[in-house]
Amino acid sequence: MGKNLKMLRQKRNLTQIAMQMHTGIDQALISKYEKGERIPPTETLIILADFFDTNIDYLLDRTDNPDKI
């Protein structure tokens with residue numbers, strides 16, 4: 001999961017702190033998600049998918065298609 005999340009964040013030129021300010025998700029958790037140390041709960045996946053205008057399957061690396069379904 002972490003690879004796609006980090007790529008989306010970097011595409012927007014956001015730091016983890018900036019992403020925290022936009023999403024309300026703690027920076028330490030964002031770091032763990034990007035490193036693959038934790039998988040976000042469903043509510044957090046929805047927030048991230050909406051923020052990046054993508055789908056949850058893309059965040060979870062279940063598809064290569066980042067388009068919303």
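Modeller: What follows is a conversation about a predicted model.

Biologist: Let's start with rings, then: how many aromatic pairs does a search of the whole structure find?
Modeller: The search finds 1 aromatic pair. Phenylalanine 51 and phenylalanine 52 make up that pair, with their ring centres 4.8 Å apart and 75° between their planes, which is an edge-to-face arrangement.

Biologist: Are phenylalanine 51 and phenylalanine 52 buried or exposed?
Modeller: Both phenylalanine 51 and phenylalanine 52 are buried.

Biologist: And what sits over the ring of phenylalanine 51?
Modeller: The charged end of arginine 12 is placed over that ring, 4.9 Å from the centre of the phenylalanine 51 ring.

Biologist: Moving on to helices, how do the axes of α2 and α4 cross?
Modeller: The axes of helix α2, which covers residues 16–23, and helix α4, which covers residues 42–52, cross at roughly 100° and come within 11 Å. Because angles of 65 to 115 degrees count as roughly perpendicular, α2 is described as roughly perpendicular to α4.

Biologist: Which residues meet there?
Modeller: From α2 there are Met19, His22 and Thr23, and they meet Ile47, Leu48, Phe51 and Phe52 of α4. Sorted by class, this contact of α2 with α4 has 5 nonpolar residues, 2 polar residues and no charged ones.

Biologist: What about α1, which of its residues are buried?
Modeller: In helix α1, spanning residues 2–11, the buried residues are Gly2, Asn4, Leu5, Leu8 and Arg9. The elements covering them include α2, α3 (27–35), α4 and α5 (56–59).

Biologist: Where does aspartate 61 lie?
Modeller: Aspartate 61 belongs to the segment after α5, and with a relative accessibility of 39% aspartate 61 counts as partly exposed. The phi of aspartate 61 is positive, about 60°, although this residue is not a glycine.

Biologist: Last topic, leucine 59: which helix is it in, and is it buried or exposed?
Modeller: Leucine 59 lies in helix α5, and leucine 59 counts as buried because its relative accessibility is 0%.

Biologist: What is leucine 59 in contact with, leaving aside its neighbours within four places in sequence?
Modeller: With those neighbours left aside, leucine 59 is in contact with Met1, Leu5, Leu8, Leu45, Leu48, Ala49 and Thr54. Two residues in that list, Leu5 and Leu8, are also among the buried residues of α1, and Leu48 is one of the α4 residues that meet α2.

Biologist: How many residues apart in sequence are leucine 59 and leucine 8, and what is their distance in space?
Modeller: Leucine 59 and leucine 8 are 51 residues apart in sequence, while their C-alpha atoms are 9.2 Å apart in space.

Notes: Residues numbered from 1 in each chain as written. Predicted model: local features only at pLDDT ≥ 70, side-chain atom pairs only at ≥ 80, totals over all residues. Heavy atoms only, no water. Phe/Tyr/Trp six-rings, centres within 6.5 Å; stacked < 30°, edge-to-face > 60°. Buried < 20%, exposed > 50% of the residue type's maximum accessible area, 1.4 Å probe, protein only. Lys NZ or Arg CZ within 6 Å of the ring centre and 35° of its normal. Axes fitted to C-alpha atoms, helices over the stretch in contact; angles between N-to-C directions. Helix = DSSP H or I, 4+ residues; strand = E, 2+ residues; numbered from the N terminus. Parallel < 35°, antiparallel > 145°, perpendicular 65-115°, else oblique. Contact = heavy atoms within 4.5 Å. Nonpolar A, V, L, I, M, F, W, Y, C, P; charged D, E, K, R; others polar.
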